[in-house]
Amino acid sequence: MGLQGIKAVFFDLDNTLIDTAAAGRRGIEKVINVLQSKHNYDEREALMVCDKVQAKLLKECHDPSKMCITDLRIQHWEEAIQETKGGIINRNLAEECYFLWKTTRLQHLTLADETRGMLSDLRKVVRLLLLTNGDAKTQREKIEACGCQPYFDAVVVGGEQEEEKPASSIFHHCCELLGVQPEDCVMVGDSLDTDIQGGLNAGLKATVWINKTVAAPKDISPVPHYIISSVLDLPRLLQNKRDANLEINKVAGLCTICDNSTEGSIS
């Protein structure tokens, strides 16, 4: 599509620019070790507690007007511990587990040097905006931990707005902040449901889905304009350049970029 007509690129944060999933796994590993070494949990019990917490996080529905995110997540650990071990609620252990998980996760949220370079180069030719869903405090802590804010002209956190992605209103708010129109913008993210659907809802020029698996699943919905396997492939997509390691296939209007050098890697 080239850079012609594109004035701004919106980036998702989690698992797009930073590997939040991997950082979370490091946090879980730390908690498992502490439960076994300090609190006499066997391996099965420690794993069960952490599996239960992760399931609760996946289904989490947070209303900041009713409970702060810290209390809610400590509650997840309280419930998981009680469901596994029985007895009364162990608030102290739940707090220890939560803060260990949180601190470890933040420590491992890093913006790779290659990503920093890509953002710096892109910002020379287009405006950049970070658009992330989630609790305001949690997302702001991640942004500070990875040090990504200086690379963007604006940062928008869903938890600070009336609506989050995929609502078109938050995308239009982003456009207003940068002084651009939706048709001037591209959305880049790993979530079909929020990033891609939101970009389509808002009428952006293009949506770019980051799919880290070896092959794109069939019959995906919603359908992004483009698919890349890494955010680092974005500049080549925008510039529409070919090289020895790049394949561009257009099928029914869908452009897929595959970096052959990454074939066989674990997603």
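# Reading a predicted fold

Modeller: Start with one residue. Ser230 is partly exposed, with a relative accessible area of 25%. The model is predicted, and Ser230 sits in the loop between strand S6 (226-228) and helix H9 (234-239).

Colleague: Why does Ser230 count as partly exposed?

Modeller: Buried means under 20% relative accessible area, and exposed means over 50%. Ser230 has 25%, so it counts as partly exposed.

Colleague: How far is Ser230 from Thr213?

Modeller: Their C-alpha atoms are separated by 9.9 Å. Along the chain, Ser230 and Thr213 are 17 residues apart.

Colleague: Let me step back to the whole protein. How many helices and strands does the protein have?

Modeller: Nine helices and eight strands. The protein has 267 residues, and buried residues make up 47% of them.

Colleague: How should I read the confidence?

Modeller: Here is the general idea. Where pLDDT is low, the predicted coordinates should not be read in detail. In this case, the protein averages a pLDDT of 89, and 88% of the residues score at least 70.

Colleague: Where does pLDDT stay under 50?

Modeller: Residues 241-254 are one such stretch. The model has 28 contacts for this stretch beyond four places in sequence. Residues 257-267 also have a pLDDT below 50, with 21 contacts beyond near neighbours in sequence.

Colleague: Next, helix packing. What describes a packed pair?

Modeller: Two packed helices are described by the angle between their axes and the distance between the axes. Take helix H1 (residues 20-39) and helix H4 (residues 91-107). They pack at an angle of about 140°, and their axes are 8 Å apart. The crossing of H1 past H4 is right-handed.

Colleague: Which residues of H1 and H4 make the contact?

Modeller: H1 supplies, among them, Ala23, Ile28, Val31, Val34 and Leu35. From H4 come residues including Leu93, Cys97, Leu100 and Trp101. Charged residues take part too, including Arg26 and Lys30 of H1 and Glu96 and Arg105 of H4. In total, the contact of H1 with H4 divides into nine nonpolar, five polar and five charged residues.

Colleague: On to the strands. Is strand S5 enclosed or open?

Modeller: Strand S5 covers residues 206-210. Five of its five residues are buried, so S5 is largely enclosed by the rest of the structure.

Colleague: Which residues lie on each face of S5?

Modeller: Ala206, Val208 and Ile210 are on one side. Thr207 and Trp209 are on the other. Both faces are covered, and these residues are all buried.

Colleague: How does S5 pair with strand S4?

Modeller: S4 (residues 185-189) and S5 pair in the parallel sense, over four bridges.

Colleague: How many residues of strand S2 are buried?

Modeller: Five of six, so to read S2 (residues 127-132), take it as mostly covered. It has strand partners as well. Strand S1 (residues 8-11) pairs with S2 in the parallel sense, over four bridges. There, Phe10 stands opposite Leu129. Strand S3 (residues 154-157) also runs parallel to S2, with four bridges joining them. In that pairing, Leu130 stands opposite Val155.

Colleague: Which residues does a cis peptide bond join?

Modeller: Pro166 is in the loop between S3 and helix H7 (168-178). Another joins Ser221 and Pro222, with omega about -5°. Pro222 is in the loop between S5 and S6.

Colleague: And positive phi?

Modeller: Look at Asn15, with phi near 65°. Asn15 is in the loop between S1 and H1. It is partly exposed, at 22% relative accessible area. Then look at Asn40, with a positive phi of about 60°. Asn40 lies in the loop between H1 and helix H2 (43-58).

Colleague: Is Asn40 buried or exposed?

Modeller: Asn40 counts as exposed, at 67% relative accessibility.

Conventions:
Residues are numbered from 1 along each chain as its sequence is written. This is a predicted model: local features need pLDDT of at least 70, side-chain atom pairs count only at pLDDT 80 or more; totals for chains, interfaces and linings use all residues. Side-chain values use heavy atoms; hydrogens and water are left out. pLDDT is the predictor's confidence in each residue, from 0 to 100. Contact means heavy atoms within 4.5 Å. Axes are lines fitted to C-alpha atoms, for helices over the stretch in contact, and angles run from 0 to 180 degrees between N-to-C directions. Helices (H or I, at least four residues) and strands (E, at least two) are DSSP runs, numbered from the N terminus. A crossing is left-handed if the near helix is turned anticlockwise from the far one by less than a right angle, and right-handed if clockwise. Buried means under 20% relative accessible area, exposed over 50%, partly exposed in between (1.4 Å probe, protein chains only). Two strands pair if DSSP finds at least two bridges between them.
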